[in-house]
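Biologist: I would like to learn how to read a structure such as this one, feature by feature. Could you take me through it, giving the general idea each time and then the case at hand?

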Amino acid sequence: MGDLLLCKDIALGYEGSTVVSGLNFRITEGDYLCILGENGSGKSTLIKALLGLNKPISGMMIQPALKKVGDIGYLPQQTSIQRDFPASVREIVLSGCLPKCGLRPFYTKQEKQLAETTMSRLGITELATRCYRELSGGQQQRVLLARALCAAQKTLLLDEPVTGLDPKAQLELYELISELNKSGITIIMVSHDFTAATRYASHILHIGAQHQLFFGTTADYLASDVGKMFSLDAGTQNEGKVSDNG
Amino acid sequence: MGDFAAKLQLYFSYPFVWYALIVGLLIALCSSLLGVTLVLKRFSYIGDGLSHVAFGAMAIAALVGLTNNVYIVMPITVISAILLLRTGQNAKINGDAAIAMISVGALALGYMLMNLFPSSANISGDVCTTLFGSTSILTLKESDVIICIVMSVVVIAAFLLFYNKIFAVTFDENFMKATGIKANVYNLIIAIITALIIVLAMNLVGSLLISALIIFPALSAMRLFRSFRSVVICSACVSVTCAGLGIFTSIMAGTPVGSTIVVTDIIVFFLFCGLSLIIRRKNV
């Protein structure tokens, strides 16, 4: 199991202004890393850096296994455009193969085959001809996950994948991601969800206000001061939700 | 009925009627192809803005005294298209505000230039022609038709070659960027093709009605179809059929070509809305 990515004291930002600094972490093949952090802590900037769209301002970022932009399959947050987009599931999954095409205008048989096998792997084969906008939130995320898997088979970066899903669909999606991880795919997930993160992830990277609060295994995280503080926090949040429902 | 056929036969013995039909159908086809993308990308208004820019450019061309104004109108419209897309991304001025600004500005400038330096005695007639297309499609020369055919071939070829990329960039720009595809390049291609179509379509329906030609077929197709490919194909069919019907009607009834085509598009849109309601009710 080799290192995928090693970050040594990197700072990220735009045009001179630093958004987040002092990040030290490593990702090894087969990891399930969860990046926790509040809004505005620099998570989306870190996503861009991981995808190779944004170079660090300072520090060292070594990516032995991720040679170029596109080696990570990306599951972005949904945009408003997609909610009423007339597109079949097959068309969307197939568009994940597009980076392989380069300048070639059409898909090859192998690429179409890859789309079919990916759809059956995620259990959405029977949805192939359905319209994306008529699917449930959980089904839509599966479709986008299939597309990401067509683009990159080894590493996935998921940006708050369960946002807007009902609890049952959330659980199903987490289980699916966990299965993918067990089959050897490295998962990097950005999330708010403390409970799910500590339940499924193997490693946690916690970013506070513009700097790193914690990086290590989930067990270490739960034992650390930061982890304890936030587990209390998450506990009270959940209680709040229960009383809302009651 | 025999009278009707005889009248048609008479009209089609004139080459200018054939020219109008060829140009009309080609423009309808091109505009509908891109219409789907523009509607879905929330760029419906870009067509409107650009057509006003083309109107302003036309006034400048008349002022300079060029015989073939395409040489001025085309570059100005293409550049504006690129600028509009850029400002949309920069967000210093909102995309819709930028479009409104440029389109109204160009309209005002064009009208003022036409009044200050009138190229003919009938200014309001000139303005009306540029805005609504009027009869200019029936006065096309052979060279106009050839330009139109070449441009249409370019637009259709570009659309077919980039079809998969255009779909992907329309559906999810962020994902495409993350996979290393230069989404901005394809946005640029979309903008340039849009500008080309608008300059082409000015002859047919005039600058005020171009948006209708781009938007209505796409919206009609989206009522009934659920995959990107079927929406594009249906939109093209609807647009070509409406243009054909519109041109025939306008020849037979003597109505203005541009607005007749647009009215046909509107009727089809409501027909499709009704159909989709019926289908939905059956399914429920």
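Modeller: Let us begin with strand pairing, for which the rule is that two strands pair if DSSP finds at least two bridges between them. The strands themselves, like the helices, are DSSP runs numbered from the N terminus, where a helix is H or I over at least four residues and a strand is E over at least two. By that rule strand β6 (residues 155–159) of chain A is joined to strand β7 (residues 186–191) of chain A by five bridges, and the two run parallel. Please keep in mind that this is a predicted model, in which local features need pLDDT of at least 70 and side-chain atom pairs count only at pLDDT 80 or more, whereas totals for chains, interfaces and linings use all residues. Residues are numbered from 1 along each chain as its sequence is written, while chains are lettered from A and ligands numbered from 1 in the order in which they are written.

Biologist: Which residue of β7(A) is the bridge partner of A:Leu157, and how many bridges join strand β5 (residues 73–75) of chain A to β6(A)?

Modeller: The partner in β7(A) is A:Ile188. Strand β5 of chain A is joined to β6(A) by three bridges, again in the parallel sense, and there A:Tyr74 stands opposite A:Leu157.

Biologist: Is β6(A) enclosed or in the open?

Modeller: For this we count neighbours: a residue is buried if 20 or more other C-beta atoms lie within 10 Å of its own, exposed if 12 or fewer, and partly exposed in between, with C-beta atoms placed from the backbone. Five of the five residues of β6(A) are buried, so the strand is largely enclosed by the rest of the structure. Both of its faces are covered, with A:Thr155, A:Leu157 and A:Asp159 buried on one side and A:Leu156 and A:Leu158 on the other.

Biologist: What does A:Leu157 touch?

Modeller: A contact means that the C-beta atoms of two residues, placed from the backbone, lie within 7 Å. Leaving aside residues up to four places away in sequence, A:Leu157 touches A:Ile47, A:Leu50, A:Leu51, A:Ile72, A:Tyr74, A:Leu75 and A:Ile188. A nonpolar core is a set of buried Ala, Val, Leu, Ile, Met, Phe, Trp, Tyr and Cys residues joined through C-beta atoms within 7 Å, and in the largest one, of 156 residues, those with the most contacts inside it are A:Ile35, A:Leu157 and B:Ala54. Helix α2 (residues 15–40) of chain B gives the most to this core, with 13 residues.

Biologist: How should I read the antiparallel case?

Modeller: Strands of a sheet pair through backbone hydrogen bonds, either parallel or antiparallel. In chain A, three strands form an open antiparallel sheet in the order β2-β1-β4, whose edge strands, β2 (17–28) and β4 (58–62), each pair on one side only. Strand β1 (residues 3–14) of chain A is joined to β2(A) by eight bridges, and to β4(A) by four. A:Leu6 has a bridge partner on either hand, namely A:Arg26 in β2(A) and A:Ile62 in β4(A).

Biologist: Why does β4(A) lie largely in the open?

Modeller: The number of buried residues among the five of β4(A) is zero, so this strand lies largely in the open. Helix α1 (residues 43–51) of chain A, in contrast, has A:Lys43, A:Leu46, A:Ile47, A:Ala49, A:Leu50 and A:Leu51 buried.

Biologist: Where do the two chains touch, and what does chain B look like?

Modeller: Chain B has 13 helices and zero strands, and 48% of its 284 residues count as buried. In the interface, 25 residues of chain B are in contact with 24 residues of chain A. On the chain B side, α8 (163–171), α9 (173–178) and α12 (228–253) each give two or more residues, and α8(B) gives the most, with five. If Ala, Val, Leu, Ile, Met, Phe, Trp, Tyr, Cys and Pro count as nonpolar, Asp, Glu, Lys and Arg as charged, and the others, Gly among them, as polar, this side of chain B divides into 13 nonpolar, five polar and seven charged residues.
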